Amino acid sequence: MNYSNLLQRLNITVEPLEKKNESYKSIETMIANGSSCEDNYTVECIDCFTATRSSDNLKDFKSDKNNKQSLLWYGCYNSSVAAKLLNGISPSFNSFTSYKSISCWDNIYGCLDSISMSKFQRDKTTCKFQPNLGILMIVEVNYKTISIPSLIKIDTLKSEDYTKNVLEYNEDDDTEDEDDDKNCIVIKDDEDDKINKSHKKEKYVYCKEINDQIDRDQILQVTGELSPEPNNPSQSNNNNNNNNNNNNNNNNNNNNNNNNNNNNNNNNNNNNNNNYNNFPIGRPIPSTKIIKGNGWLNGYLKVWGKYNQFLVPSNSMIKLKYLVIIKTTPSNKYIKNKSMSPSKQSTTTYSSLLSSSNSNNNNNNYNNNNQNNEKNNGSGNFKNDIWGSVLTVKKRTNDQIINLDDSDKEQSDNKKIKK
């Protein structure tokens, strides 16, 4: 199959990202740092690509100086990847709000969990858990403000500490005389006490519903227990070096912007360093150390899960920037503790990819650059199979059918699948 022609008919330009590129390194750093709080499975970056949808070229995120841009993870089932590339990422329902939105993440593990890449199937022959392979997207989100929900419903089952200490608190039980406190001897903490306090349990109140609405040019932050550490030291050092390169490249970028669409790839490469600062590459730390304002409720931080999820109201606020081929592998802990029955998966298992590879040895690489890149990475036909599996046109649930003969039309012009 000629993947290059198929990608062109999907109205997307894809180019391999060199491993020496700062953006590639940033993506690897995001993956490595994000795993510091996970031990059930490991994540491997197989390859990265710059990706530009034709319709995204019409979106001008720099026109309003009050706007901000962030790079976030987005994931979907492999069977829906081609539809997302052609039609764009459409809002869909989530488990917290009654309206549709686009869910993005600042931690790859939160994104992977949302599409079941953290769950593994057993091979029918060997009965061993098989790795998963999928394609994640890194999108640039354009917004004015980030809002934290205030109209929420508490999950009392998960928030036992909050229920006990706040909702069931009775002031009449607190009968100690304030004068007695004045006569108390103050004892300073010893070193052991300081260590115990530094590892104290964070105060979270778990929520399960959101009634806040999202305004235009606003994204809603569904806070998790962990957030990327801001002003990461390694990030700061690299940013200083990149700033000099950015200043030198500004004139070239301005000149390239006047060229025709054939020069889009060069412009994207020149802008890689500019995007570097927007990568959330910090190690996960308790969100209690970062979130302020209405993110708190009676001394407890409002959280909905383990990682931050961002709800974006419209596709007009999103540009596709990168495609990242990801492989997830179960850890020994997962293999020891989990016993899964076969279920619908969002990914393609490693064994099925190998069998597909044996039956399609004559398939060409989707372009020559990707072929050379695969040889350098030593991954053989592994990546070829994932491209073949996600770009194959087939019936998709909750997605519109892909009409490759009329791919210039946007989502509203495509016909829905007829059952």
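## Overall make-up

The chain folds into 14 helices and 17 strands. The model is a predicted one. Of the 419 residues in the chain, 47% are buried.

The accessible surface of the chain is about 22900 Å². Carbon and sulfur atoms hold 42% of that surface.

## Aromatic pairs

The chain has seven aromatic pairs. One of them is formed by Tyr41 and Tyr109, with 5.1 Å from centre to centre and 45° between the planes, a tilted arrangement. This pair links distant parts of the chain, since Tyr41 belongs to strand S2 (residues 41-53) and Tyr109 to helix H4 (residues 108-114), 68 residues apart. Tyr41 has a relative accessibility of 3% and therefore counts as buried. Tyr109, at 1% relative accessibility, counts as buried too.

Phe129 and Tyr334 form an edge-to-face pair, with centres 5.4 Å apart and planes at 80°. Phe129 sits in the loop between H4 and strand S5 (132-143), whereas Tyr334 is in helix H11 (residues 332-337), so this pair ties together parts of the chain that are 205 residues apart in sequence. Phe129 is buried at 9% relative accessibility, and Tyr334 is buried with a relative accessible area of 3%. Ring pairs join Tyr41, Tyr109, Phe120, Phe129 and Tyr334 into a cluster.

## A lysine over a ring

Phe61 has a charged residue over its ring: Lys319 lies over the face of Phe61. The distance from Lys319 to the ring centre is 4.8 Å.

## Two buried residues

Ile89 is placed in the loop between helix H3 (81-87) and strand S4 (102-105). Although Ile89 is in a loop, its relative accessibility is 5%, so Ile89 counts as buried, the cut-off being under 20%. Leaving out residues up to four places away in sequence, Ile89 touches Tyr74, Lys84, Ile102, Met137, Val139 and Asn315. Tyr74 is 15 residues from Ile89 along the chain, and the C-alpha atoms of the two are separated by 9.2 Å.

Gln221 is part of strand S9 (residues 218-222). Its relative accessible area is 9%, and Gln221 is therefore buried. Apart from neighbours within four places in sequence, the contacts of Gln221 include Ile146, Ser147, Ile148 and Pro149. Gln221 is also in contact with Ile291, Asn308, Gln309 and Phe310.

Strands of a sheet pair through backbone hydrogen bonds, in either a parallel or an antiparallel sense. In this chain, four strands make an open sheet with mixed pairing, in the order S7-S8-S13-S12. Strand S7 (152-154) and strand S12 (296-297) are at the edges, and each has a single partner strand, so one side of each has no neighbour in the sheet.

Leu297 has Tyr300 as its bridge partner in S13.

Conventions: Residues are numbered from 1 along each chain as its sequence is written. This is a predicted model: local features need pLDDT of at least 70, side-chain atom pairs count only at pLDDT 80 or more; totals for chains, interfaces and linings use all residues. Side-chain values use heavy atoms; hydrogens and water are left out. Buried means under 20% relative accessible area, exposed over 50%, partly exposed in between (1.4 Å probe, protein chains only). Accessible areas come from the Shrake-Rupley method with a 1.4 Å probe; for residues, only the protein chains shown count as cover. Contact means heavy atoms within 4.5 Å. Rings of Phe, Tyr and Trp (its six-membered ring) pair if their centres lie within 6.5 Å; planes under 30 degrees apart count as stacked, over 60 as edge-to-face and the rest as tilted. A charge sits over a ring if NZ of Lys or CZ of Arg is within 6 Å of the ring centre and within 35 degrees of the ring normal. Two strands pair if DSSP finds at least two bridges between them.
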